[in-house]
Amino acid sequence: MHRFQSLANRCLAEGVLKRNHSPLSIIALELPCCVQTIRFRTQGFIEKSRLKRFSTAEATVDARENGKVREKILTMETLNPNVKAVEYAVRGPIVIKAGEIEQELRQGKKKPFTEVIKANIGDAHAMGQQPITFLRQVVALCTCPELLDSPVFPEDAKLRARRILQGCGGESIGSYSSSPGVECIRKDVAEYVTQRDQGVPTSWDNIFLTTGASDGIMNILKLLVSGQGQSRTGVMIPIPQYPLYSAAISELGAAQVNYYLDENNCWALDMEELHRAYHTAKQYCTPRVLCIINPGNPTGQVQSRKCIEDVLHFAYEEKLFVLSDEVYQENVYSPDCQFHSFKKVLYELGPEYFNSVELASFHSTSKGYTGECGFRGGYMEVINLDPDVKAQLVKLLSVRLCPPVSGQAAMDVIVNPPQTSEPSHPQFLKEKTAILSTLAEKARLTEHTLNKVPGIKCNPVQGAMYAFPRIFIPPRAVEEAKALGITPDMLYCLRLLEETGICVVPGSGFGQKEGTYHFRMTILPPPEKLKLLLEKVQSFHMKFVEHYRELEETSV
């Protein structure tokens, strides 16, 4: 019957139906007798309907005219309420508006600017950063093994590609890997973590390769979220936070527990605030999870070792599962700061802590010096997980089969880069150093330029890829925003976009203390474009403030 239908469709498409032949008489030439019997039984029905063919739109119109519209099953009323609660500011209304403006510019519509500068998201390559040559060479060799015979590619890249391919089914990255990831890559990650943490033991069996860090975070939260009412899982997150966390909490139906970072102390984590948030939350949920982002997104702070020690003591005492988001571990710019992994500090606290505190740490190909967002590579290390629960995690991961194997290969290069004795090392080191030093320069430029603007205060960008300046918004603008049903910083960012073409994200999308306003911008644009962006922000802010001050004076 499927062939019968296919032949009918083909005849119709090719226009071979002539006046003297029904579609079925033509098809009968190609059909066996048993199928021709079906032809005679169905011919009357088909001729009666005269093979009327509708496009979707025509069928909808016809149905409406006959009053036969079937109600949709999935509507906003029947939609999962947890999905409706999800918000993701980084790709929210501002970014949609920016896309509309880009379309208008392409159509020739006149604007006070010639391009939209998207400083809303940490997408390094979209901002012009060039890929690390060695990483792309290894992934290219894995993707097209015929290139392994080419003299163009260095031997150390070929060595890594062959090893990865040998770990793949059929020696192809087009095959599925095991759900936790390719075994040899997991072992490379474990070796990397051990070296990074100066000898702290790492079991590759605790390493799970992921589709970016977000995939790992989401899967761990799925394990942790349970209960209703007072027993519902509470997830403690920093405010300001990366909106992945609030979105995941909403989707999973957990309770969001906010603890506020100290803006007056360079966005440091304050232990008194952590205790306050925990004990307040116990009134309406059961806090089980403590999330840390270090270096911080959107705030750019790097947590001190003492702070990490205090957090781990707190997690130990209050029986909290720690999620340590460390995707920016390579992005530390301040000479006074140093990245300390939570795992290393936990180990140094002694066996009582290291063998009991449950900790999941996350890393990614998307940040650091590589900026390979599109590969969607990442890993998580999970320690002190109950063996039965670990089996459940493996089961959960198996549902999505495996992370992209090309992303796994990219992750392998990050944790296993060229060594000093290998031919690719000089170029690799040159590219890596250039990218990180340029980011450090742009971090300083952003902080210093914004702090020159009256009404803007920006903390030092110690790490990560963003600045999160506080902005003064005149009371009249606050009133206007409320009348429009939007937050004051959304009004500010919309005006900034419409008047300058600069796309940044309102601080309200990340969370902020009541009565304060911010925006997040990435420091990723090339230096000259970043300077232009900052100059435009400076000019816009002064005009924005002056405009609303004049309105206030006029209304007095």
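Residues are numbered from 1 along each chain as its sequence is written, and side-chain values use heavy atoms, with hydrogens and water left out. Because this is a predicted model, local features need pLDDT of at least 70 and side-chain atom pairs count only at pLDDT 80 or more, whereas totals for chains, interfaces and linings use all residues.

Helices (H or I, at least four residues) and strands (E, at least two) are DSSP runs, numbered from the N terminus. Helix H20, residues 488-500, contains 13 residues. From its first C-alpha to its last, H20 reaches 18 Å, close to the 18 Å expected at 1.5 Å a residue; the expected span is 1.5 Å times one less than the number of residues. Several residues of H20 are buried, among them Pro 488, Tyr 492, Cys 493 and Thr 500, where buried means under 20% relative accessible area, exposed over 50%, and partly exposed in between (1.4 Å probe, protein chains only). Just after H20, Gly 501 adopts a positive phi of about 80 degrees.

Strand pairing can be followed around E14, residues 519-522. Phe 519 and Met 521 point one way from E14, Arg 520 and Thr 522 point the other way, and all are buried. Two strands pair if DSSP finds at least two bridges between them. E14 is joined by two bridges to strand E10 (residues 466-467), and these strands run antiparallel; here Tyr 466 stands opposite Thr 522. Strand E13 (residues 505-506) is likewise joined to E14 by two bridges in an antiparallel arrangement, with Val 505 as the bridge partner of Arg 520.

Salt bridges form the next topic. The structure holds 21 of them, each defined as a side-chain nitrogen of Lys or Arg within 4 Å of a carboxyl oxygen of Asp or Glu. One of these joins the side chains of Glu 102 and Lys 118 at 3.2 Å, N to O. Glu 102 belongs to helix H6 (residues 93-106) and Lys 118 to strand E1 (residues 117-118), so this pair ties together parts 16 residues apart in sequence. Glu 102 is partly exposed at 23% relative accessible area, and Lys 118 is partly exposed at 27%.

A further salt bridge connects Asp 215 and Arg 400 (3.3 Å, N to O). This pair links distant parts of the chain, 185 residues apart: Asp 215 is in helix H10 (residues 212-224), and Arg 400 is in the loop between helix H16 (387-399) and helix H17 (405-415). Asp 215 counts as buried at 17% relative accessibility, whereas Arg 400 counts as partly exposed at 22%.

The side chains of Glu 381 and Lys 343 also meet in a salt bridge, at 2.7 Å, N to O. Glu 381 lies in strand E8 (residues 378-383) and Lys 343 in helix H14 (residues 342-348), so parts 38 residues apart in sequence are tied together. Glu 381 is buried at 3% relative accessibility, and Lys 343 is buried at 2%.

Two packed helices are described by the angle between their axes and the distance between the axes. The axes of helix H9 (residues 183-196) and H17 come within 9 Å and cross at roughly 30 degrees. H9 is therefore roughly parallel to H17, a term for angles under 35 degrees.

Technical notes: Axes fitted to C-alpha atoms, helices over the stretch in contact; angles between N-to-C directions. Parallel < 35°, antiparallel > 145°, perpendicular 65-115°, else oblique.
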